[in-house]
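User: I would like to go through this model with you. Could we start once it is on the screen?

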Amino acid sequence: MAKKILIADDQKGVRNLLEEYFKQEGHWVITVSNGLEAIEAVQKENIDLIILDMKMPGMNGLEAAKIILQNYSLPIILMTAYAKSEIEKNAMAAGIKRCIIKPFEILELKDIVADCLKL
Ligand SMILES: [Mg+2]
């Protein structure tokens, strides 16, 4: 079933790749380039799942997720650069569903997304 996925990453290449992939999978995709825009998108659109980059200028992914999760109960996947990091622990504590370590295989992300969208 088609879902609305919000993708936030400051790298255009990552945004385009993920957008193309998840559109092909039959989902609606919205892309933004920072945490503040992600918060705005969640307020405007009926988002089902968020894929958030950790490292973005201005507001990072973890900060944005914390603000979003205060008002919305949404599955969030955080893309981080380091495995088993402090960031990952903080992310889980903040209510982020899953972390994925960059660089990753797109199929790995696909499985995590499918898992998070299970009702
Ligand atoms: Mg980044």
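**The cis peptide and the overall fold**

Analyst: Pro-103 is found in the loop between strand 5 (98-101) and helix 5 (106-117). Helices (H or I, at least four residues) and strands (E, at least two) are DSSP runs, numbered from the N terminus.

User: Which residue does the cis peptide bond join to Pro-103, and what is omega?

Analyst: The cis peptide bond joins Lys-102 to Pro-103, with omega at about -5°.

User: What should I know about the source of the model and its numbering?

Analyst: The model is predicted; local features need pLDDT of at least 70 and side-chain atom pairs count only at pLDDT 80 or more, whereas totals for chains, interfaces and linings use all residues. Numbering starts from 1 along each chain as its sequence is written.

User: How many helices and strands are there, and in what order do they run?

Analyst: The chain has five helices and five strands. From the N terminus on, the elements run β-α-β-α-β-α-β-α-β-α.

User: What share of the contacts comes from residues 24 or more positions apart?

Analyst: Such residues account for 58% of the contacts with a separation of 6 or more. Two residues are in contact if their C-beta atoms, placed from the backbone, lie within 7 Å.

User: Let us turn to helix 3. Which of its residues are buried?

Analyst: In helix 3 (residues 61-71), the buried residues are Gly-61, Leu-62, Ala-64, Ala-65 and Ile-68. Seen down the helix axis, these buried residues fall within an arc of 155°, so they line one face of helix 3. The arc is that of the directions from the helix axis to the C-beta atoms. On the other side of helix 3, Gln-70 and Asn-71 are exposed.

User: What covers the buried residues of helix 3?

Analyst: The cover includes strand 1 (4-8), helix 2 (35-44), strand 3 (49-53), strand 4 (76-80) and helix 4 (86-93).

User: At what angle do helix 2 and helix 3 pack?

Analyst: Helix 2 and helix 3 pack at about 25°, with their axes 9 Å apart. Axes are lines fitted to C-alpha atoms, for helices over the stretch in contact, and angles run from 0 to 180 degrees between N-to-C directions. Helix 2 and helix 3 are therefore roughly parallel to each other, a term for angles under 35 degrees.

User: Which residues make that contact?

Analyst: Helix 2 contributes Gly-35, Ala-38, Ile-39 and Val-42, and helix 3 contributes Gly-61, Glu-63, Ala-64, Ile-67 and Ile-68.

User: Changing topic, is Leu-18 buried or exposed?

Analyst: Leu-18 counts as buried because it has 21 C-beta neighbours inside 10 Å. Leu-18 is placed in helix 1 (residues 12-24). Leaving aside neighbours within four places in sequence, Leu-18 is in contact with Ile-7 and Ile-51.

User: How far is Lys-110 from Leu-18?

Analyst: The two are 92 residues apart in sequence and 9.8 Å apart in space, C-alpha to C-alpha. Lys-110 is in helix 5 and counts as partly exposed, with 13 C-beta neighbours inside 10 Å.

User: Finally, where does Asn-60 lie?

Analyst: Asn-60 is in the loop between strand 3 and helix 3. With 18 C-beta neighbours inside 10 Å, Asn-60 counts as partly exposed. Beyond its neighbours within four places in sequence, Asn-60 is in contact with Gly-35, Met-54 and Lys-55.

Technical notes. Buried ≥ 20, exposed ≤ 12 C-beta atoms within 10 Å, placed from the backbone. Parallel < 35°, antiparallel > 145°, perpendicular 65-115°, else oblique.
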